[in-house]
Amino acid sequence: MSRQHAPRFLAAVEAARVRIEEIDVRGAMDAIQAASPALLVDVREAHEWRAGHATGAVHISKGVLERDIESAVPDTNTPVILYCGGGFRSALAADALQEMGYRRVWSLAGGWRAWCAADAPVTIPP
């Protein structure tokens, strides 16, 4: 599904990308399996999560991320990889978490679409 994003949204994403780090699917999978594993966080909306998500991910939608992240990830040194549909919302979310003091945050380049294209493990709820 191709989506046309608004120019100001794209400008905000590009500004955030200057301040954050992105990680590809292979790097994300390695980080998830590391000795100090990264937490994979799906920041998509609930209906997107219910349609399928990366295996092992937790769901905290972007709309409540800043409110709920400290409960899910109290240690600001915990490695966190965020993903959305295509890597736009997760870039904005990574920027917000860094502003909150999280030090090891990445946005998954290409998001859910890249995850699926790489045949990475997915969970489709019944």
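**Group meeting: fold and sheet of a predicted model**

Residues are numbered from 1 along each chain as its sequence is written, and side-chain values use heavy atoms, with hydrogens and water left out.

As to overall dimensions, a compact globule of 126 residues would have a radius of gyration near 14 Å, and the protein, at 14 Å, agrees with that; the radius is taken over C-alpha atoms, and the globule rule is 2.2 Å times the number of residues to the power 0.38. Of these 126 residues, 40% count as buried, that is, under 20% relative accessible area with a 1.4 Å probe, protein chains only.

Turning to secondary structure, there are 6 helices and 7 strands, which are DSSP runs of H or I with at least four residues and of E with at least two, numbered from the N terminus. Along the sequence they follow the pattern α-β-α-β-α-β-β-α-β-α-β-α-β.

Now the sheet: 5 strands form an open, parallel sheet in the order E1-E6-E5-E2-E4, where pairing requires that DSSP finds at least two bridges between two strands. Its edges are E1 (21-23) and E4 (58-59), each pairing on one side only. Further in, E2 (residues 39-42) is joined to E5 (residues 80-83) by 4 bridges, and Leu39 has Val80 as its bridge partner in E5.

Conventions
This is a predicted model: local features need pLDDT of at least 70, side-chain atom pairs count only at pLDDT 80 or more; totals for chains, interfaces and linings use all residues. Buried means under 20% relative accessible area, exposed over 50%, partly exposed in between (1.4 Å probe, protein chains only).
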